[in-house]
Amino acid sequence: MCRRLRTFLQPVVMFAQVGSTIYETGLLMLLKERYNSTANSSFSNASHSEEDEQQKAISNFYMISNIILGVSPVLTALCLARLGDKGYRKLQVCLPLVGYLLSRVMLLLVILFEWPVQVMFGAVILQGLSGSYCAYWAGVMAITADQSTEKLRAVQMESVQVAYGVAGLIGSMTSGYIYNLDANRQHPGVILAVLSSTFTLLSLIYSTFLLKTQSIEKSPSNGLTQENCTINQNSEISDDMGDSVPSIDCKVVGDKDQPAPLNSFQQINIVLLFIAAVLYDTGDGQFMNIRASFVVKEPLNWNVKLIGYGNAANFAIYFTSFLGVCAFHRCLSDAFMVGIGILSFASGLLLMAFVTKTYMYFVARALNLFALMTMPTIRSMLSKQVDASSYGKIFVLLELSFTLASVITSPIFTKIYQATLDWFAGFCFILSSILSFLAIIPVGVVAYRTRQQQGYEPIPSS
């Protein structure tokens, strides 16, 4: 029983995410404070110019950070994926957590010693060189796929994601109150930085010394083909009627370093699912990047407590999406669940574009109840196209596709946001909604092709 509990990834994800959520709140408040003082010194007689200058500085900081995080983890993530597919799954999780820990400690040092905020770019580089989120989350998903059956894989992946969301909810709800404990001191945010480092360290300790991963050799994922199975005519098994049947000896041909080659049908499905995932993730990622700046400006002008509540609303969606997957997976296909998630997300973003009051923000987020069903289900669909010995590679390539798309689109969205601040600050949210909605098309094509293939499968002879 104890060994079974040690296979759960949820503690790793929850500790790391509580630390990340607290870190993000602390970093945003640090940027707001530092850039606010800079704007005041530059625009002492023009409050509107001060706010615009602060918005541009914060959005530029996140834009540069996203570009660094898009470029720096590539080689490390690919190397970790290869090692993970050879059986070193934990390394794919542990090394990125080391980078996370270093960046949290760097935030603490910047606050304590009043270093320039540009030092945090160094923290971002360290985080990227350790593999960052693309290696970490790919490792988490690969371990989850190893430990689940195809039928329940979407539920298992969503259960890990709901742990991520619950942890984010806890961190978001408490971070504002924690920040206020030392907001009036000389170094506001120190407690947040210390707690963020502590939770990240706990996640690293658990994943390194306590977590047990299932061997890849025990779980070939895509079944056995006729070429893998041989009939043993010398060994017979008797059934209850006294008849005898030849036994079938099955084995996986080749070693785990040489996965079975993909056929053209699988390759096309993988490309289509990658396109869908990148479109959706780009819409989601750019929305979250702009949202951080959007909520601290007029007309919302949130303080640290409201920022915490807003983040909590974001993470509450993880729980509702998990309930959606549990409810729908028995009666709907993966493609239908992806479609529901995309429609939920796109509709919420359309309303978010016109938010002018705090209550409207939470109404818009309520429309996103099932938005986070999308990515775990797409990952589940992808895992069914490849061997278990390729999970690490396929998931890290997916995450790298996300980071590459972010590098390309983040500057574009940032400049559009800055250009539309005065006349329609929510314009970028409409663009994100359109991008995410387009993801329905490739998913629908995959569903149609899969149904067609199943419809034309030959009926086995009796």
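Arg379 and Glu399 form a salt bridge in which the closest N and O atoms are 2.7 Å apart. A salt bridge here is a side-chain nitrogen of Lys or Arg within 4 Å of a carboxyl oxygen of Asp or Glu. This pair links distant parts of the chain, with Arg379 in helix α14 and Glu399 in helix α15, 20 residues apart. Both Arg379 and Glu399 are buried. Buried stands for under 20% relative accessible area, exposed for over 50%, and partly exposed for what lies in between (1.4 Å probe, protein chains only).

The model is predicted: local features need pLDDT of at least 70, side-chain atom pairs count only at pLDDT 80 or more, and totals for chains, interfaces and linings use all residues. Residues are numbered from 1 along each chain as its sequence is written, and side-chain values use heavy atoms, with hydrogens and water left out.

## The chain as a whole

The secondary structure of the protein chain comes to 17 helices and two strands. Helices (H or I, at least four residues) and strands (E, at least two) are DSSP runs, numbered from the N terminus. The protein chain has 462 residues, and 52% of them are buried. Of the contacts in the protein chain with a separation of 6 or more, 81% are between residues 24 or more positions apart; a contact means heavy atoms within 4.5 Å. The protein chain exposes about 21,300 Å², and carbon and sulfur atoms supply 64% of that area. Accessible areas come from the Shrake-Rupley method with a 1.4 Å probe, and for residues only the protein chains shown count as cover.

## Salt bridges

| Salt bridge | Closest N and O atoms |
|---|---|
| Arg379 and Glu399 | 2.7 Å |
| Arg89 and Asp85 | 2.9 Å |
| Asp146 and Arg89 | 2.9 Å |

Asp146 lies in helix α7 (residues 132-146) and Arg89 in helix α5, so their pair ties together parts that are 57 residues apart in sequence. Asp146 counts as buried because its relative accessibility is 3%. Arg89 also counts as buried, at 1% relative accessibility, and Asp85 is buried as well. The other end of the table returns to Arg379, whose partner is Glu399. Through shared partners, salt bridges join Asp85, Arg89 and Asp146 into one network.

## Around helix α5

Lys90 lies in helix α5, which runs over residues 89-113. Lys90 is partly exposed because its relative accessible area is 23%. Leaving aside neighbours within four places in sequence, Lys90 is in contact with Ser207, Thr208, Leu211 and Thr213. Lys90 and Gly139 are 49 residues apart in sequence, and their C-alpha atoms are 7.5 Å apart in space.

Tyr88 is placed in the loop between α4 (74-85) and α5. With a relative accessible area of 51%, Tyr88 is exposed. Tyr88 belongs to a nonpolar patch on the surface, together with Leu83, Leu91, Leu95, Val98, Leu102 and Leu126. The accessible area of these residues together is about 550 Å². Patches are made of residues with over 30% relative accessible area and no salt bridge: like charges are joined within 9 Å, and nonpolar side chains (Val, Leu, Ile, Met, Phe, Trp, Tyr) within 5 Å. Helix α5 gives the largest share of the nonpolar patch, four residues.

## Cavities

The structure holds two cavities of 30 Å³ or more. On a 1 Å grid over the protein atoms alone, a cavity is a set of points where a 1.4 Å probe fits but cannot get out, and lining residues have an atom within 4 Å of a point. The second largest cavity holds about 50 Å³ of space. Grid points are joined across faces, edges and corners, and a volume is the space filled by probe spheres set on the points.

Which helices each supply at least two residues of the lining of the second largest cavity? They are α3 (47-71), α10 (264-294) and α15 (391-419). The lining includes Ser59, Tyr62, Asn66, Gln286, Ile290, Ser410 and Thr414.

## Cys326

Cys326 lies in helix α11 (residues 304-328) and is partly exposed, with a relative accessible area of 29%. Cys326 and Gln156 are 170 residues apart in sequence and 9.7 Å apart in space, C-alpha to C-alpha.

Notes
On a 1 Å grid over the protein atoms alone, a cavity is a set of points where a 1.4 Å probe fits but cannot get out, and a pocket is an open set with protein on both sides within 12 Å along at least five of seven lines; lining residues have an atom within 4 Å of a point.
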